[in-house]
Amino acid sequence: MNGLTISEKVEMLSRRRARALPTLAVIFLAQQASYFNMPEQSDRTVDHVKIGAWLLLSVALLAGLGTGGAWFRPREIRELVNDESTRAHRQAGLVYGFWAAMAAAITLYVVNMFELVSGRDAIHVILSAGIAVAMIRFGMLERRALKDG
Amino acid sequence: MAERLANRLKERRSELGLTQVELAERVGVTRKTVNTVENGIFTPSTTLAIKLAAALGLTVEQLFWIER
């Protein structure tokens, strides 16, 4: 990115993030398939690694959503990448994520009346729904905003 | 009835021969933010509205108004 002005760097980073958010959300959701395909009461090391990896990814994505990312960029760039409209979009994404998590929790409550859902499975579904929906909404708003005026 | 914050940002920016990037640099935001404000997608904060008006040599009321 050498030779680019700050505005150009910020534009590039913003576009990259807008493209990456929905893609990451899809990868994140696809990971769930392997979790729910695991045999019940699975105690193999590989399964613990899978769950650990999912948790780490969840924490990283949550941290990205909460702070706006660009952690290793200079302060000036980090502030511009998270300027006023971006913060508003992120906030809107987090609101969508909150409602998705609530909807998932209510759905699980109903399902649990007919079929036992373990605490770990419930947390998995609620966390995944909240994070993925927030990321997709944030990404969609950013993509729309980045279209040339 | 729904209210909308209308603006003459694009018109004034063109009058002064500024690009979205140049205006964004003057007020310390990204081109994306200027673009969304111009298109009425994003309602700017009071701080940004004042900065935009100052950068374009207008008052906030001359730059923004409520459309019903």
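Predicted model: local features only at pLDDT ≥ 70, side-chain atom pairs only at ≥ 80, totals over all residues.

Let's start where the chains meet. Chain B puts 18 residues into the contact, and chain A puts in 12 residues. On the side of chain B that touches chain A, α2 (20-27) and α3 (31-38) of chain B each give two or more residues. The top contributor there is α3(B), with 6 residues. By type, that side of chain B splits into 7 nonpolar, 7 polar and 4 charged residues.

Next, the cores:

| Core | Residues | Some members |
|---|---|---|
| Largest nonpolar core | 17 residues | A:Leu21, A:Ala25, A:Ala132, A:Val133 and A:Met135 among them |
| Second, separate core | 15 residues | B:Val29, B:Phe42, B:Leu52 and B:Leu63 among them |

In the largest nonpolar core, the chain A members in the table are those with the most contacts inside it. Both α1 (6-36) and α5 (119-146) of chain A supply at least two residues of this core, and α5(A) gives the most, with 11 residues. Leaving out residues up to four places away in sequence, A:Met135 touches A:Leu21, A:Leu24, A:Ala25, A:Leu61, A:Leu65 and A:Gly93.

Now back to α2(B). Which of its residues are buried? They are B:Gln20, B:Leu23, B:Ala24 and B:Val27. Looking down the axis of α2(B), these buried residues fall within an arc of 100°, so they line one face of the helix. They pack against α1 of chain A, along with α1 (9-15), α3 and α4 (46-55) of chain B. Just past α2(B), B:Gly28 has a positive phi of about 75°.

How values were computed
Residues numbered from 1 in each chain as written. Chains lettered and ligands numbered in written order. Contact = placed C-beta atoms within 7 Å. Helix = DSSP H or I, 4+ residues; strand = E, 2+ residues; numbered from the N terminus. Nonpolar A, V, L, I, M, F, W, Y, C, P; charged D, E, K, R; others polar. Core = buried A, V, L, I, M, F, W, Y, C linked by C-beta atoms within 7 Å. Buried ≥ 20, exposed ≤ 12 C-beta atoms within 10 Å, placed from the backbone. Arc of directions from axis to C-beta.
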